[in-house]
Amino acid sequence: MLGTILPRISRLIALVILCGVLSFLTPTFLTASNLINVLRQASLLSIIAVGMTMTMLIKGIDLSVGSILALTTCLAAKLLVAQNSFGELLLGILVALALGGVLGALNGLAVTALKLHGFLVTFGMMQVARGLAYLYMHGSVIGGFRPEFTFLGAGRPLGIPTPIIVAAVVVLLTHGLLTNTTFGRSVYGIGANDSAARYSGLNLPRTTILGYTFSGLTAALAGLLYIARLDTAEAQIGEAFNLQAIGAAAIGGTSFDGGVGSAWETVIGALIMTVLANGMNLLNISSLWQTFVTGAAIVVAVIIDRWIATRS
Amino acid sequence: MKRFAWLWLVFALGLILPGLAVAGQAPKTYTFAVLVKDSTTPFWRYLISGAKKEAKALGVEVIEYAPLQQQNLEEQMRHVEDAIQKKVDAIIIAPINPTAIIPAIEKANAAKIPVLTTNSKAGGGKIATFVGVENYEGAKKLGEYMLKKINRKGNVIIVEGNPAGQTNQDRVKGFREAIAAAPEVKLLAQQPAMFRRDQAMTVMENLLQTHPKVDLVIALNDEMALGSLKALEQAGRKGVIVSGFDGAIEGLEAILAGRLTASLNQDPFGQGSLPVRAAMDLMKGKKIEENIPTGGEIIDTSNAQQLLNLFKEAAK
């Protein structure tokens with residue numbers, strides 16, 4: 001019994017061990033206020049990382065999430081400021097999401113039509129989108145958004161920060177999409193065995209395009225929450241997200257060869273990364289050591305995960 | 001396949017456009033290369049605009065080099081080599097790392113191209129002049145000013161930038177010395193946020209979890225000060241004062257709005273215009289000073305408006 005359950009929750013165990021160590025080292029870690037803080041910080045990364053997981057499941061990857069996040073939010077920002085009407089605010093949100101979807105779809109189109117690997121296509125998109133954001137903003141920043149909008153980043157309906165609620169909805173939807181729909185079967189089908197999936201009648205190009213569209217959408221959505229929290233849009237925002245999202249998916253056990261991975265396990269990966277950053281701040285670990293400590297802790301977490309998975 | 005040909009066009013355009021925006025035109029009398037630390041942070045845009053304005057006034061050409069990735073050392077080294085290949089008449093550089101840049105400076109020395117540093121110092125090679133704020137002295141001065149605001153007692157947090165950078169180290173040293181001289185002041189934490197607003201916000205949120213009483217937050221640039229402020233405001237922490245460093249538009253506006261308490265003027269325009277003028281003097285065979293100071297004064301509500309007007313004029 002234990003032998004079948006343990007490998008499925010090995011990542012969760014790694015996360016629990018990490019949290020255990022931190023609560024032993026600092027009394028602040030295991031307080032309700034800090035745990036909510038960590039969840040709020042992890043929510044944006046989780047939203048982007050489930051999009052990333054989708055592209056990795058179809059044997060791809062999306063290096064452009066950070067740039068799509070920046071470009072979509074910069075272009076929408078002027079519509080979101082306090083001087084504008086509520087209608088313009090809604091339009092701004094729609095523009096950002098639609099643009100994220102379109103940029104993602106372009107990635108997917110290029111992957112299917114030109115038969116290129118997602119790495120190449122999204123590497124190009126990463127530079128193109130970032131470059132356009134730089135050109136559009138020209139070193140300036142846009143801030144001072146409508147209160148309804150900043151509520152998305154800083155609000156607390158029923159005491160729970162809005163980003164956590166949005167992330168929970170996105171993760172649940174993604175989970176449902178992957179496990180209960182034809183699209184989901186098609187996604188795992190591509191990853192598991194391309195040609196078998198083709199013969200079984202699944203629409204592969206459509207699945208690929210939709211997969212990348214989904215990733216673009218999640219990046220734009222996370223971007224909106226991000227600038228709502230900061231109350232500022234700027235072109236250099238979110239550069240760190242590309243690697244963090246890939247890291248979260250990979251720590252969550254998503255395979256780079258496609259077909260293996262899930263939304264909730266990716267969220268565990270995102271939590272491991274966020275908990276680490278939080279712990280280092282709480283412990284006031286020397287700045288010079290932080291990069292090393294992050295790397296070492298991730299390696300240890302992955303080793304614990306694999307050890308449990310293979311032992312049982 | 002053909003249906004997607006336009007996709008290539010979009011990609012190609014996207015790649016070329018940023019290039020066009022940066023590339024210079026054919027050289028006139030003299031050509032100076034200006035190398036900054038990244039292509040996006042507003043501070044470096046002001047430095048470049050100062051350099052270009054001065055170049056226009058003097059009738060010389062300026063080629064701008066900025067790493068696409070923030071603080072990308074390897075890219076900056078390639079930029080120096082590129083400038084040497086282009087046979088520019090002088091290289092004006094804000095070194096990302098003082099030691100790592102030395103070989104590149106020595107290459108320029110060997111090619112007999114004068115090197116002027118601005119904003120940050122280089123640790124070696126032959127340097128014609130350094131233009132900029134003394135980060136260490138400026139930080140110490142600002143630190144003392146801020147400590148006086150909390151009556152030289154209480155709890156302090158330092159939000160630092162890139163821990164390996166010289167600018168960062170000099171500023172940290174200045175602030176820490178000011179803090180060490182005040183026995184009733186406790187440094188609670190010193191944590192990195194890479195000079196980024198978003199990262200500073202996250203770091204400050206985490207630190208506020210574990211430190212219930214904070215009196216002063218010292219951020220090593222304005223961007224991080226604004227990120228820290230956002231975290232303090234969203235956590236509902238009152239009575240915490242914050243200082244920045246740079247004194248560019250957003251920082252000045254935050255001072256005038258009463259959110260930021262003080263900053264240190266780096267005079268980014270001067271850090272662009274003065275080295276161009278100095279390089280021109282060199283071309284004419286004039287002697288130039290080893291150190292050319294810019295800014296260095298504390299900015300608070302008494303002088304922020306005046307500086308803001310300068311930025312607005314420059315934008316015209």
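This is a predicted model: local features need pLDDT of at least 70, side-chain atom pairs count only at pLDDT 80 or more; totals for chains, interfaces and linings use all residues.

**Stop 1: two packed helices**

Select helix α5 (residues 86-113) of chain A together with helix α11 (residues 204-230) of chain A: they pack at an angle of about 145°, with their axes 7 Å apart. Here axes are lines fitted to C-alpha atoms, for helices over the stretch in contact, and angles run from 0 to 180 degrees between N-to-C directions. Helices (H or I, at least four residues) and strands (E, at least two) are DSSP runs, numbered from the N terminus. The crossing of α5(A) and α11(A) is right-handed, a label used when the near helix is turned clockwise from the far one by less than a right angle.

Now show the side chains in between.

Residues are numbered from 1 along each chain as its sequence is written, chains are lettered from A and ligands numbered from 1 in the order in which they are written, and side-chain values use heavy atoms, with hydrogens and water left out.

**Stop 2: salt bridges**

How many salt bridges does a search of the whole structure find over all chains? There are 22, each a side-chain nitrogen of Lys or Arg within 4 Å of a carboxyl oxygen of Asp or Glu.

Select Arg197(B) and Glu223(B), whose closest N and O atoms are 2.9 Å apart in a salt bridge. Arg197(B) sits in helix α7 (residues 197-210) of chain B and Glu223(B) in helix α8 (residues 222-234) of chain B, so this pair ties together parts that are 26 residues apart in sequence. Arg197(B) is buried at 3% relative accessibility, and Glu223(B) is buried at 8%. Buried means under 20% relative accessible area, exposed over 50%, and partly exposed in between (1.4 Å probe, protein chains only).

Asp281(B) is partly exposed at 21%, as is Lys286(B) at 47%. Then move to chain A, where salt bridges that share partners join Arg11(A), Glu265(A), Asp305(A) and Arg306(A) into one network.

**Stop 3: the nonpolar core**

Select Phe145(A), Phe149(A), Leu147(B), Val159(B) and Val217(B): of the 129 residues in the largest nonpolar core, these touch the most other members. Such a core is a set of buried Ala, Val, Leu, Ile, Met, Phe, Trp, Tyr and Cys residues joined through side-chain atoms within 4.5 Å. A second, separate core of 22 residues includes Phe43(B) and Leu116(B).

**Stop 4: Gln209(B)**

Gln209(B) belongs to helix α7 of chain B. Leaving out residues up to four places away in sequence, Gln209(B) touches residues including Thr28(A), Asn34(A) and Leu282(A).

**Stop 5: a positive phi**

Finish at Lys112(B), in the loop between α4 (102-110) and β4 (115-118) of chain B. Phi of Lys112(B) is near 60°, a positive value in a residue other than glycine. Lys112(B) is exposed, at 74% relative accessibility.

Terms used:
Contact means heavy atoms within 4.5 Å.
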